[in-house]
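Dear colleague,

I am handing over the structure below, and my notes on it follow directly after. Please read them with the model open beside you.

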Amino acid sequence: MRYDRQIKLKGIGEEGQERLRKARVLIVGVGGLGCPAAQYLAGAGIGSIGLVDHDRISFSNLHRQLLFGEEDIGRSKALVAKEKLQQINSEIEIEVFEQALNMENAERLFQEYDIILDGTDNFETKYLINDASILTGKPWVYASIYKNEGQLSVFNYQDGPSYRCLFPKTTSENISCEETGVLGITPGLLGIMQATEVLKIILDLGDVFSGKLKLINVLSGSQQVLKIKKRQEEIEKIREHGIIPVRIECTLNDETRTYLDIREIFEQPKIRSENVIQIPLSDLQDRLWEIPKQDEILVFCQSGKRSRKVVELLEREYGFENLKNVEGGIETIING
Amino acid sequence: MKIRLRYFGMIAESAGKNDEVLELNDGISAKELKARQIERFELPDPESVQIAVNQNLEEEVELKDGDEVAFLPPFAGG
């Protein structure tokens with residue numbers, strides 16, 4: 001029988017296997033972390049696995065993404081992963097989402113699953129997973145790689161800390177494994193550890209790695225465990241404002257205009273430009289004198305809604321005649 | 001007092017080592033040590049650097065002899 005060897009284990013049994021069959025796990029990113037995690041979760045009999053990836057398989061993926069072979073180059077990672085995983089286990093359901101996780105689909109996708117496994121390789125998506133997990137109340141299993149080092153934790157599990165509790169502020173650049181180089185075994189090891197955490201959560205076994213960060217160096221063999229302090233304000237911020245997009249850096253697509261940014265200081269992406277006057281909406285009444293009344297000023301916020309109200313208010317109450325709202329918000333005036 | 005420092009990720013590369021022991025004056029806080037090391041190694045994005053004192057991610061503590069301070073950057077490879 002397929003699952004005999006794990007059913008034999010104390011704490012699993014037929015009942016545990018049934019839990020695995022009923023479980024729904026969403027894997028975001030089917031790369032160096034996602035491939036090994038998916039293989040073991042499929043093997044263990046997770047009843048429903050979702051695979052999110054918009055990328056295609058390239059030659060330089062093959063040394064660490066061992067679900068894929070030479071004949072798969074150029075094909076969709078999510079689709080090929082499903083084919084290979086169904087060869088391992090045809091009794092489970094695998095749903096494929098050939099798209100990038102984004103602001104629009106994240107919460108909808110997460111609602112359909114019990115646990116999110118983070119196989120991504122950039123800060124923007126890690127913060128997005130974090131925020132969408134908080135909003136949908138799902139635990140997520142995090143891992144990251146830098147050269148020969150890895151980090152692992154479980155966030156948003158049973159009222160535990162979030163990724164923003166660990167890193168409230170991020171760096172100004174993403175450094176991917178493609179750029180730095182990586183041994184295949186490093187994400188392999190971390191991906192299997194992520195699958196382990198998923199099984200522990202579903203089976204209610206052992207100590208789930210929540211509130212702690214594991215640091216591993218595959219060359220020195222050292223492991224460290226650090227305790228993460230929960231920062232409730234970082235979690236409440238998301239509950240109040242919804243997903244806060246992390247765009248590491250951006251520039252204006254028209255540097256000749258003058259802009260007024262009324263977003264709060266924590267809102268991202270930050271724009272570094274001399275042509276932007278930054279006055280958060282919460283300070284606006286006290287700092288009206290900073291807004292020139294001559295040249296045309298384009299007023300923006302995240303979506304264009306708050307800034308529209310601000311323009312109306314400033315025209316009606318304070319006699320401004322040089323303001324124009326940026327319909328569609330920040331995305332329409334920045335590059336990339 | 002003697003404090004052991006451990007460096008991770010890009011911080012270890014900037015420091016040129018994974019760990020070291022520093023002889024420091026009494027009364028220095030973890031936060032002050034962090035600022036000092038950020039300046040010493042010219043670490044980019046100082047706001048993103050997290051430190052752990054004796055395996056607790058927290059910087060509002062005074063250091064004492066024998067403490068271990070870990071310096072941790074965010075990274076996102078996968």
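Setting aside neighbours within four places in sequence, Thr258(A) is in contact (C-beta atoms, placed from the backbone, within 7 Å) with Asn275(A), Asp295(A) and Ile297(A). Thr258(A) belongs to strand 9 of chain A, residues 258-261, where helices (H or I, at least four residues) and strands (E, at least two) are DSSP runs numbered from the N terminus. Glu296(A) is 38 residues away from Thr258(A) in sequence, yet their C-alpha atoms are 7.0 Å apart in space. Thr258(A) counts as partly exposed because 17 other C-beta atoms lie within 10 Å; on this scale a residue with 20 or more such atoms is buried, one with 12 or fewer is exposed, and one in between is partly exposed, with C-beta atoms placed from the backbone.

Please keep in mind that this is a predicted model, in which local features need pLDDT of at least 70 and side-chain atom pairs count only at pLDDT 80 or more, while totals for chains, interfaces and linings use all residues. Residues are numbered from 1 along each chain as its sequence is written, and chains are lettered from A and ligands numbered from 1 in the order in which they are written.

As for chain A as a whole, it has eleven helices and twelve strands, and its C-alpha atoms fill a box of roughly 80 × 40 × 40 Å along the principal axes. Of its 336 residues, 39% are buried. The domain assignment, whose bounds come from an automatic or database source, gives domain 1 (4-241) and domain 2 (258-332), and the C-alpha centres of these two domains of chain A lie 39 Å apart.

The twelve residues of helix 4 (residues 77-88) should span 16 Å at 1.5 Å a residue, which agrees with the 16 Å between its end C-alpha atoms; the expected span is 1.5 Å times one less than the number of residues. Buried residues of helix 4 of chain A, among them Val80(A), Ala81(A) and Leu85(A), pack against helix 3 (34-44), strand 2 (48-52) and strand 3 (93-97) of chain A. Helix 3 and helix 4 of chain A pack at an angle of about 35°, with their axes 9 Å apart; axes are lines fitted to C-alpha atoms, for helices over the stretch in contact, and angles run from 0 to 180 degrees between N-to-C directions. That contact is made by Cys35(A), Ala38(A), Gln39(A), Ala42(A) and Gly43(A) of helix 3 and by Ala81(A), Leu85(A) and Ile88(A) of helix 4.

Helix 6 of chain A (residues 123-136) has 14 residues, which should span 20 Å, in agreement with the 20 Å between its end C-alpha atoms. Twelve of these 14 residues are buried, so helix 6 of chain A is largely enclosed by the rest of the structure. Just after helix 6 of chain A, Gly137(A) takes a positive phi of about 70°.

Helix 9 of chain A is likewise mostly covered, with 14 of its 19 residues buried, and Asp204(A), which follows helix 9, has a positive phi near 60°.

Finally, the contact between the chains takes 20 residues from chain B and 36 residues from chain A. On the side of chain B that touches chain A, the elements giving two or more residues are helix 1 (9-15), strand 3 (50-53) and strand 4 (56-57) of chain B.

With kind regards

Methods: Contact = placed C-beta atoms within 7 Å.
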